[in-house]
Amino acid sequence: MKIFATYNIKGGVGKTATAVNLGYLAARDGYRVLLWDLDPQAAATFLFRIRPRVKGGGKALIRGTRSIDDAIKATDFDNLDLLPADFTYRNLDLVLDTAKKPVRRLASLLAPLSAEYDVIFLDCPPGISLLSESVLQAADALLVPLIPTTLSVRTLDQLTEFIDGLDGSRPSILAFFSMIDGRKRLHREISQQLPEQRTDVAATAIPALSLIEQMSVQRAPVTAFAPRSVAARRYEELWLEARKRSELPAPPPPDSW
Ligand SMILES: Nc1ncnc2c1ncn2[C@@H]1O[C@H](COP(=O)(O)OP(=O)(O)OP(=O)(O)O)[C@@H](O)[C@H]1O
Ligand SMILES: [Mg+2]
């Protein structure tokens with residue numbers, strides 16, 4: 001089982017759009033996929049048309065008084081399940097703080113799911129908190145959307161430094177440019193140069209496209225409702241890169257019975 005987390009300290013950079021589309025593509029490839037929406041805004045939950053309601057709240061899941069299995073919902077798509085968020089998730093930090101080993105907590109909650117899932121996506125809220133530290137410990141790979149500014153490199157360096165300083169297991173980082181505006185010279189330049197200079201920046205960039213914004217109207221991944229669009233193709237390329245880098249084994253063969 002591989003655990004990917006879409007993470008950035010900054011908000012509104014494309015974390016949820018990435019988790020939703022890559023989750024869909026992984027499921028379409030035949031992997032058994034779970035997406036855990038960890039954000040009290042519950043955007044991923046909304047996009048998959050699932051009610052933002054967790055019985056007992058985030059507290060029950062983190063404390064283990066309610067099993068994760070119980071809270072998982074099927075989506076409209078084969079092989080793709082969702083663990084929804086609700087507004088109680090705003091207090092996950094406080095709940096984690098009372099756990100024995102807060103930063104190991106997510107990893108230990110997720111470990112038993114390896115019998116049921118091949119790939120897990122964690123869609124993180126923005127910011128840096130105890131929850132994010134717990135995510136960093138649990139994840140095999142971080143997918144980090146970067147807005148193309150001269151400061152984006154600094155953001156990435158800060159994150160890398162922070163992760164290097166962590167005890168225990170550390171995720172690999174795959175950053176990629178998000179919301180590229182092709183009319184801006186600076187955007188074009190940065191998004192071309194950086195992948196050539198740094199191995200932690202993906203060759204694939206996701207342009208700013210209104211079709212991606214349309215996801216909140218369609219309430220589905222753009223890779224599902226417009227599979228031949230430029231937007232969908234870029235997410236496919238990004239998924240291929242992420243899949244390759246993480247050395248994800250081939251998906252299990254479909255049930256033959
Ligand atoms: N490449 C893109 N082009 C155009 N719009 C985009 C793109 N990626 C995301 N968006 C839109 O921008 C908004 C923010 O995107 P998204 O929710 O994926 O970001 P986020 O990093 O998850 O935000 P938050 O930090 O609030 O969780 C959404 O309305 C989304 O539809
Ligand atoms: Mg989000």
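Hi everyone. A nonpolar core is a set of buried Ala, Val, Leu, Ile, Met, Phe, Trp, Tyr and Cys residues joined through side-chain atoms within 4.5 Å. Keep that in mind as we look at this structure, which is a predicted model.

Let's start with the largest nonpolar core. It has 49 residues, and the ones touching the most other members are Trp36, Leu106, Leu122 and Leu142. Helix α7 gives this core its largest share, five residues. There is also another core lying apart from it, with 36 residues, including Ala26, Ala27, Leu143 and Trp239.

Now, what is leucine 106 in contact with, leaving aside its neighbours within four places in sequence? The answer is Trp36, Leu38, Ile62, Leu131, Ser134, Val135 and Ala138.

Helix α6, residues 102-110, packs against helix α7, residues 130-138, at an angle of about 50°, and their axes are 7 Å apart. Because of that angle, α6 is oblique to α7. Their crossing is right-handed. On the α6 side, the contact includes Leu106 and Leu110, while α7 brings in Leu131 and Val135, among others. Sorted by class, this contact has nine nonpolar, two polar and three charged residues.

Here is a second pair to compare on your screens. Helix α1, residues 15-28, and helix α13, residues 230-245, pack at about 75°, with axes 10 Å apart. So α1 and α13 are roughly perpendicular to each other. Among the residues making this contact are Leu22 and Ala26 of α1, and Tyr235 and Trp239 of α13. Seven of the contact residues are nonpolar, two are polar and two are charged.

Definitions and conventions. Residues are numbered from 1 along each chain as its sequence is written. Chains are lettered from A and ligands numbered from 1 in the order in which they are written. This is a predicted model: local features need pLDDT of at least 70, side-chain atom pairs count only at pLDDT 80 or more; totals for chains, interfaces and linings use all residues. Side-chain values use heavy atoms; hydrogens and water are left out. Axes are lines fitted to C-alpha atoms, for helices over the stretch in contact, and angles run from 0 to 180 degrees between N-to-C directions. Helices (H or I, at least four residues) and strands (E, at least two) are DSSP runs, numbered from the N terminus. Angles under 35 degrees count as roughly parallel, over 145 as roughly antiparallel, 65 to 115 as roughly perpendicular and the rest as oblique. A crossing is left-handed if the near helix is turned anticlockwise from the far one by less than a right angle, and right-handed if clockwise. Contact means heavy atoms within 4.5 Å. Ala, Val, Leu, Ile, Met, Phe, Trp, Tyr, Cys and Pro count as nonpolar, Asp, Glu, Lys and Arg as charged, and the others, Gly among them, as polar. Buried means under 20% relative accessible area, exposed over 50%, partly exposed in between (1.4 Å probe, protein chains only).
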